[in-house]
Amino acid sequence: MQFRKYQGLGNDFILIDARKTESPPINPDQARLLCDRRFGVGADGLILALPAQGLGDVRMQIINADGSEAEMCGNGVRCFARFLADLDGATPSGSWRVETPAGIIVPQLLADQQVSVDMGEPFLSPSAIPTSIDAGELLPEAWLEVAGEQLLVAAVGMGNPHAVVQVDDLDLIAFTELGSELEIHPAFPARTNVHFVQVISPNQLRMKVWERGAGATLACGTGACAVLVASHLRGACAREADIELPGGFLHILWDAANHLQMVGPAEFVFSGYWPLEENTELQFTKSIDCSTDCSQGCLDPENCPSASARANAMAVLDKFSLNQLVDLANESIEQRTIKRIKGG
């Protein structure tokens, strides 16, 4: 099974094209193996391209590194768009209607490896997020006890749940302890993504990400959208801002139509093959040894490293008769012998 790996601001994903299959070819256990950074390929999640079931062009399924399924992922959908473009040869301004559990998402390719995504409307109703935090005047917000500390937590839905905590200095918080505890807090029955945000200016925010099912990651697109929404409704920033994540910047605009527009990079990392047999080692394209790995048939016929050599050999065989080949071989031996004698 062929896979390709992409990353958006260091948030990395394994992508598999399953648009011609009737059912997903990967189960949660296999996804965990592939995402494992020591025993697998290594990724924050695995994304499948599946046949559309409704009005979209394609369906996207996201499996977290722990085998759980995610409703939506902003960095993932940008990587998904770049993946489709690389497979299908889309134009630089190509776009797709992508079916997700969070609804139809429309990513569009831009120049310089950038992808623009209409992330849709934010969810501020507690039942839609979901959260047990009561709806406030502007957004669900409450003081929660987390790892022995009292945190003012805002809840925002982007098709998946987000908890947003504003802090004075990101470098001074117990990030891992607070993030892991808040992810599983009873106020979020489906668990939650956790984001700590520091306001730099009305148009610049800085954030750290603890993703549900993946832990600390370098970026989260839906999280950046949730952070902008919560920070704006709290009066801390404008409706448009550059958001600095550990992996780089995303540009987020909350437009007049109540949609979040996200612009950020998505880049190809490498491709490889995973043997269909379970619990076997991964084999990558660059490490294929034709003499051993392809004993039962070529693993990569479209990019076979020995195909060119075989083609040249066949061209020589077609050009000369058997007697001519024997004469060439004898002549070559004689010339090498003469050179050896002269050199001695």
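**Salt bridges and cores at a glance**

A search of the whole structure turns up 12 salt bridges. Keep in mind as you read that this is a predicted model. Nonpolar residues also gather here, with 55 of them in the largest nonpolar core.

**Salt bridges around Arg19**
- Arg19 pairs with Asp17 in a salt bridge, and their closest N and O atoms are 2.8 Å apart.
- Arg19 also meets Asp88 through a side-chain salt bridge, at 2.8 Å from N to O.
- Arg19 sits in the loop between strand S2 (11-17) and helix H1 (28-35) while Asp88 belongs to helix H2 (residues 74-88), so this pair ties together parts 69 residues apart in sequence.
- Arg19 is partly exposed at 26% relative accessibility, as are Asp17 at 39% and Asp88 at 44%.

**Other charged pairs**
- Arg234 and Glu141 join their side chains in a salt bridge of 2.6 Å, N to O.
- This pair links distant parts of the chain, 93 residues apart: Arg234 is in the loop between H4 and strand S15 (240-245), and Glu141 is in strand S9 (residues 141-146).
- Both partners are partly exposed, Arg234 at 23% and Glu141 at 30%.
- A network of salt bridges connects Lys5, Asp12, Arg37 and Asp44.

**Nonpolar cores**
- In the largest core, the residues touching the most other members are Phe80, Ile252 and Leu260.
- Helix H4 (residues 221-233) contributes the most to this core, giving eight residues.
- A second, separate core has 19 residues, including Ile133, Leu151, Val153 and Phe175.
- Beyond its neighbours up to four places away in sequence, Leu260 touches residues including Val117, Met158, Leu228, Ile252 and Trp254.

Terms used. Residues are numbered from 1 along each chain as its sequence is written. This is a predicted model: local features need pLDDT of at least 70, side-chain atom pairs count only at pLDDT 80 or more; totals for chains, interfaces and linings use all residues. Side-chain values use heavy atoms; hydrogens and water are left out. A nonpolar core is a set of buried Ala, Val, Leu, Ile, Met, Phe, Trp, Tyr and Cys residues joined through side-chain atoms within 4.5 Å. Buried means under 20% relative accessible area, exposed over 50%, partly exposed in between (1.4 Å probe, protein chains only). Helices (H or I, at least four residues) and strands (E, at least two) are DSSP runs, numbered from the N terminus. Contact means heavy atoms within 4.5 Å. A salt bridge is a side-chain nitrogen of Lys or Arg within 4 Å of a carboxyl oxygen of Asp or Glu.
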